[in-house]
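This briefing goes through one structure, topic by topic. The sequence and coordinates come first.

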Amino acid sequence: MEHAATTAGLYPLPDAQRERLADLKGRGKGGLVDGDESADVTAAYDAARERLVAVQREAGLDRVVEGQARWDDMLAHPLCVHENVRTGDVVRYYDNNNFYREPVVTGPLTEDGDLAADLSAAARLTDPLQAVVPGPYTLCDLARDDHYGSFESFLDGVADFLAGEVAAFPDAVETVFVLDPSLVTDPPDDDVHERVRDAVDAVNDAVDADVVLHTYWGALGERLHAYLLDTGVDALGYDLVNAHEECVYLVQEYGTADSVALGVVDGQNTRIESPGTVADRLSWFRENVPVSDFETVYATPNTELFYLPVNAFGDKLDALAAGVEAARAEVAE
Amino acid sequence: MSDGVAGRERFRPADHPHDHFLLTTVVGSYPKPAWLTDVRERHEADGDAVGDDEWQEAIDDASRLITDEHERAGLDAVCDGEMRREEMVEFFARRIGGYEFKGPVKVWGHNYFDKPSVVSEVTYEEPWLREEYEFTAGVADRPVKVPITGPYTLATWSFDEVYDDDAALTYALADLINEEVSRLVEAGARYVQLDEPALATAPEDHAVVGECLERIVDGIPDDVRVCLHVCYGDYGEIYPAINDYPIDEFDVELANGDYEQIDVFADGDFAPDLALGVVDAHTPTVEPVAEIEANIREGLTVVPPEKLTVSPDCGLKILPREAAYAKLENMVRAARNVEADLDSGELDAAALRTSDRP
C-alpha cells in the first residue's frame, strides 16, 4: 500500500503576486482572467506557479499540482475562460463567504486547451505532475446553460468538453484529481445518477493517468456512491474532516475503489493539524473499513486551499507531508 | 424590552412637524472623507510624519463631520458613519481577546479580507465602542444609534481553532457583546443594533441567533431599543422565527430586491417594529423622493405607521459620499411626506395593511 501526500489544488496566491496582480488587474469584475491575459499578467502567474511548485517540493509532497493560481472563479474557471461562455453576475461559491462570476454557456463547448497550457508550463518545473479539474456535474452546477437546452444534454456537453481538455494534458500528468463537491452539496436526482456516472467515465476514459474522484463538505448519498463505484476511476475521495462517520459507513456498506483519497487536513481552518493527528486519521480509516490493502491512499486536505492565508497554507502542506511520513512508519512497523 | 411605541417616542424631535412619526435612521457605515483615507495611509506609512495625536484628531474630526452630515440630512437617530472602523469583523476581532490575524484571504477576484483566527477562548479585554459612542453623543444633537457586529457573523467570518462547534464560539461572543452593551448603556446609549449579515447564508441557524439575542439582552434595561439588521438572504427561512426574538426592531434590506420578499412578513403577526430599507446601498443612482415614498408604503403593508422605521438597505460606505448624502436627504423628505399624507388622511394605513385586506 502506497501513501501519497497530495492536495486538491486551488492555492492562495503568494504574497508578492497577490499585490502585483491586484495592481495589474484591478479589483473589479472586468479585470479577471478571461484566457487572454497581458504579458505582465502572464509573467506574474508564471512567477506564482514557480513559487507554488517550490512550496510543495519544500514540504515534501508526493504529488505536485500546478496550483491553479489563475482560477479567479475557482472551480468554474474552465468555463469562465471559454469563448462560448459569457461571465454573468458575481454569485456565492457554495456555503462560503466567497464569490465567483457565474459562467453562462451560450454556444457549444468546443475544445479550449486552457488547462493543458497551464499544466505544460508546470511540467517544465516538475515531472510528474498532478492535474486538478472540476467534475462534470459540479461544473454544470456552478454554471448556467443558455445553449444545450436540457440538464441532460448540458451535462453530456460539459463531460465531452472536460474529456477533450484532459485528453490534451501533457505526458507529465500522472494523476488527475476530479473535484466534484456539488455531488454532495446539491446532489443529482436519482434519475440522472446513471448519466452522472457516464459523465465521470467520459473524463476518466479520456486520460492516460490515475483518476481520483474527490468530493467534500459531507458524504455522498448511498445510491450515488454505488453508481460512482461503477465508474472506472482509480480512487474515490472522502471528506474525513466534515463527515468521517458517514464516509466510513459508505465504505463499510458498499466498498470503494482500489485506491482512496482521504481528506484528513482541514482546508478551511487555520488550526494546523499535528503530524500525529494526520496519521491517526489515516489509521482510523484503515481500521474501520473492511478493505485492508488499498493500492494507494492519497492523503489530502479535504477542500481546495485558497480559503487560507498564505502562511497557514504552507503550514498545512508541511503538516500533511509529516503526517504521511508518520503513517508510513506506522504501517511499516 | 420596550414596547415599540413607547421606545420610539424618545426619538421624536421636539419640533417634529406631524402627528405621525416614522423614525428615520441609518444602518451604520458611511463613505469616509477622502482626506481621512489619505491621512490614515500617511499615518500607517510613517508614524513620524503623521503621529498618533494627529491621527486621533483626524478621526475625531471625521466623526464630528459625518455625525453632523447625518443631522443635516434630517435623520432622527444618527451615528458617526463608523469613521473609526475599517471592517465590520476586523474592528471587533482586534479588541476581543483570543483573536489573531494570520493574513488576508480571498473573498472574490482580487478582493481580500483579513479574516481573523480564534486561537484561544475569547475574552472581554477593554471597551470596544465606548469612545466612539461618547464622542458621537457628545457632538450630536440627535439620539445616537450604536451598530455592533453580531456574534453569529463574528463567529462565522472567523477561523475557529478552539471551540468544538460553531455554536459554542457564537454563544461565547454573545456573552462578550452583552458585557459591551451593558457598558454602552452605562455610558448612556439607548439604541443598539446587532448586524448579522451572515445569517443570510445559513438561515437554518436562526435558533442559534435567537439564543444569542437572549444572552445579549440579559440584564439590559427595557428602555434600550434593540434592533437586529440582516441583509441579502431568503427571509422566508427566518420568518416567523424572528417574532420570538427579544428585539424591538427588525431591520431588513428589501429595496435592492424591489420588495419581492415583503409578503413574507405581511401575515399580520409581525411582532417587532419593522425598520425597512427604502434606498439601495449598492447603486449610486439617487432614488427620487416619490419612489422612496412608494417604498415606505411597502412597509405599511406589514406594520402600522407607529411601528415603521425607515432606513437605507444597508451601510452606505461603498457609495460616493454625495450619493450617500443625497439618498439620506431624499429618504427623510419622503418619510415626512408620507407622515403628512397619513395626518391628512390622504393615506389610509389600515387599508394598505395586507393582513387587514378583505
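Strand 9 (residues 225-230) of chain B is largely enclosed by the rest of the structure, because six of its six residues are buried. Here a residue is buried if 20 or more other C-beta atoms, placed from the backbone, lie within 10 Å of its own, exposed if 12 or fewer do, and partly exposed in between. Strands (E, at least two residues) and helices (H or I, at least four) are DSSP runs, numbered from the N terminus. This is a predicted model, in which local features need pLDDT of at least 70 and side-chain atom pairs count only at pLDDT 80 or more, while totals for chains, interfaces and linings use all residues. Residues are numbered from 1 along each chain as its sequence is written, and chains are lettered from A and ligands numbered from 1 in the order in which they are written.

**Strand 9 of chain B**
- Arg225(B), Cys227(B) and His229(B) point one way from the strand, Val226(B), Leu228(B) and Val230(B) point the other way, and all are buried.
- Strand 8 (residues 191-195) of chain B pairs with strand 9 of chain B in the parallel sense over five bridges; two strands pair if DSSP finds at least two bridges between them.
- Within strand 9 of chain B, Leu228(B) is the residue opposite Leu194(B).

**Three-stranded sheet of chain B**
- Three strands of chain B form an open sheet in the order 2-5-7, with mixed pairing.
- Strand 2 (96-101) and strand 7 of chain B are the edge strands, each pairing on one side only.
- Two bridges link strand 5 (residues 116-124) of chain B to strand 7 of chain B in the parallel sense, and Val118(B) has Asp160(B) as its bridge partner in strand 7.
- Helix 7 (residues 166-186) of chain B lies across strands 2, 5 and 7 of chain B and runs at about 45° to strand 5; the axes are lines fitted to C-alpha atoms, for helices over the stretch in contact, and angles run from 0 to 180 degrees between N-to-C directions.

**Seven-stranded sheet of chain A**
- An open sheet of seven strands in chain A has the order 1-10-9-8-7-6-4, with parallel pairing.
- Its edge strands are strand 1 (2-5) and strand 4 (129-134) of chain A.
- Direction ignored, neighbouring strands of this sheet are turned by 25° against each other on average.
- Strand 8 (residues 235-239) and strand 9 (residues 259-265) of chain A run parallel and are joined by five bridges, with Ser259(A) as the bridge partner of Ala235(A).

- Strand 2 (residues 85-92) and strand 3 (residues 99-105) of chain A run antiparallel, joined by six bridges, and Val91(A) stands opposite Tyr100(A).
- The hairpin of these two strands has six residues between them, where Tyr94(A) takes a positive phi near 50°.
- Strand 3 of chain A runs parallel to strand 5 (residues 144-145) of chain A, with two bridges.

**Interface**
- 24 residues of chain A are in contact with 17 residues of chain B, contact being C-beta atoms, placed from the backbone, within 7 Å.
- Strand 3 of chain B gives the largest share of chain B's side, four residues.

**Confidence**
- The model scores ipTM 0.94 and pTM 0.91.
- Chain B has a mean pLDDT of 94, and 97% of its residues reach 70 or more; pLDDT is the predictor's confidence in each residue, from 0 to 100.

Technical notes:
Two residues are in contact if their C-beta atoms, placed from the backbone, lie within 7 Å.
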